[in-house]
Amino acid sequence: MQDVRCVLIEYIKENQEKMYKTAFTYVHDRDEALDIVQESIAKALQNINKLKYEEYVKTWFYRILINESLQHIKKNKRNNLYEIENLENEIADYSEIPIENIEIYKCINRLNEKIRTVIILRFFEDMKIEEIAYSTRTNENTVKSRLYKGIQELKKMIEGGKN
Amino acid sequence: MEELKKAKMVYDSINVPNELNYVVHRSIAKQKKNKNRIFYYFKILATTTVASFVLFVVTVNSNSTFASSISEVPIIGDIARIFTIKEYQEEDELKLVNVKMPALENTGNTELENRINYEILTKINEKIEEAEKRAEEYRDAVIQTGGSLEDFHPINIEVNYEVKYSTNEIVSFVINKFETLASAYNEQDFYNIDITNGKELNLRDVLGPDYKQIVDSSIKKQIEEREKNSDNTYFDVSDGGFDGIEDEYQNFYINESGNVVIVFQKYEIAPGYMGIQEFEIQQ
């Protein structure tokens, strides 16, 4: 048990930046993203006894992280806090990034939560389909169909934006 | 997809705040500390010093952080007679339950222990049952409205407790229940027990007959102080804001310094984002 705990702590320390970026991509608020990371770590360590095999550390932690992020979104939805504002302060070398890239990034925010999650995990975090399935508590076919849907919707949005 | 590579460039450039490293290490350290505390409550269960010595040695060897934080652990003499009687996890299609149930022991008053422990047990079980019912209703609603089971996420129920204060005379502890379904609920039960006579303490017992005036004026002053920071908002009195406590049975606990801390649940006197509101009544 102690071993799994150590592996988890190591994993968290090494991957904290990725975790932050994932959380940030959901909420686009620096303090809230920090809260999500903090709460996810607390939950993970409290529930470490549910994690039986250290091979699952990453996907298991992402389950918690995604869950926390989605809960934050739900909690604050009525305040409409999730308009992406002031992105330029949160992105390094913002002025050097092509505006097109920023627009596409923003489009992802408009996808529904489940689809957005698989897109983030697949394309930003380079997770395997199998890992995404475990992290989102579903099966590989569902992940594939969500990915497909997400890409189609994004294409439509991008083309729509061009016209 | 080419476009997603472009978006990833943005993602990769997200600034990471300087405090992240601190936040991460603090959350890890905090959990370790809690773990050691819990160990201590288990430890008082050991009836002989030999048994507890063995436990002690095992922990020191298996947890390198234990040694460094040992100085923060309270001395055995003033540890609450509160311990974890039962800790369990349950997972099925409806729910994910995680319970750490406290119990009172070694008070020299068996009747008191039985009464309190029975109350805790029934309350926790009731809450889990209620939560399960809600989850069932919710699942049925999802399916009836044309959703698939996939749209339903098991309800998450977490019950744990915190010992706030404990001497040979008084123990004060809080049972927390968190429930997450569509939104998050948090419920707390407060126990302040006078071990010498088995009585559950109310504000009048602790603060005397003037308890209401003492509490009201202190809270009003503190709200005023907190509102100086524009991030803090409380409801106006006309909107159900704080206008004095109702009676001596107001929720409270006793903190490490032996002071009363009045607790208002989320939304009770302030908007939700303010969370649970606590007011220490300094004597």
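**Exercise 1.** Which residues does A:Ala23 touch, not counting residues up to four places away in sequence?

*Solution.* The model is predicted: local features need pLDDT of at least 70, side-chain atom pairs count only at pLDDT 80 or more, and totals for chains, interfaces and linings use all residues. Residues are numbered from 1 along each chain as its sequence is written, while chains are lettered from A and ligands numbered from 1 in the order in which they are written. Contact requires C-beta atoms, placed from the backbone, within 7 Å. On that basis A:Ala23 touches A:Ala33, A:Ile36, A:Val37, A:Leu65 and A:Ser69.

**Exercise 2.** How do helix H5 of chain A and helix H1 of chain B pack?

*Solution.* Helices are DSSP runs (H or I, at least four residues), numbered from the N terminus.

Step 1. H5(A), residues 99-108, and H1(B), residues 2-12, pack at about 90°, their axes 8 Å apart. Axes are lines fitted to C-alpha atoms over the stretch in contact, and angles run from 0 to 180 degrees between N-to-C directions.

Step 2. H5(A) is therefore roughly perpendicular to H1(B), a label for angles of 65 to 115 degrees.

Step 3. Contact residues include A:Ile104 and A:Tyr105 from H5(A), and B:Ala7 and B:Val10 from H1(B).

**Exercise 3.** How confident is the model in chain B?

*Solution.* pLDDT is the predictor's confidence in each residue, from 0 to 100. Chain B has a mean pLDDT of 77, and 81% of its residues reach 70 or more. Over residues 35-80 of chain B, pLDDT stays under 50. The model scores ipTM 0.90 and pTM 0.47.

Key:
Helix = DSSP H or I, 4+ residues; strand = E, 2+ residues; numbered from the N terminus. Parallel < 35°, antiparallel > 145°, perpendicular 65-115°, else oblique. Contact = placed C-beta atoms within 7 Å.
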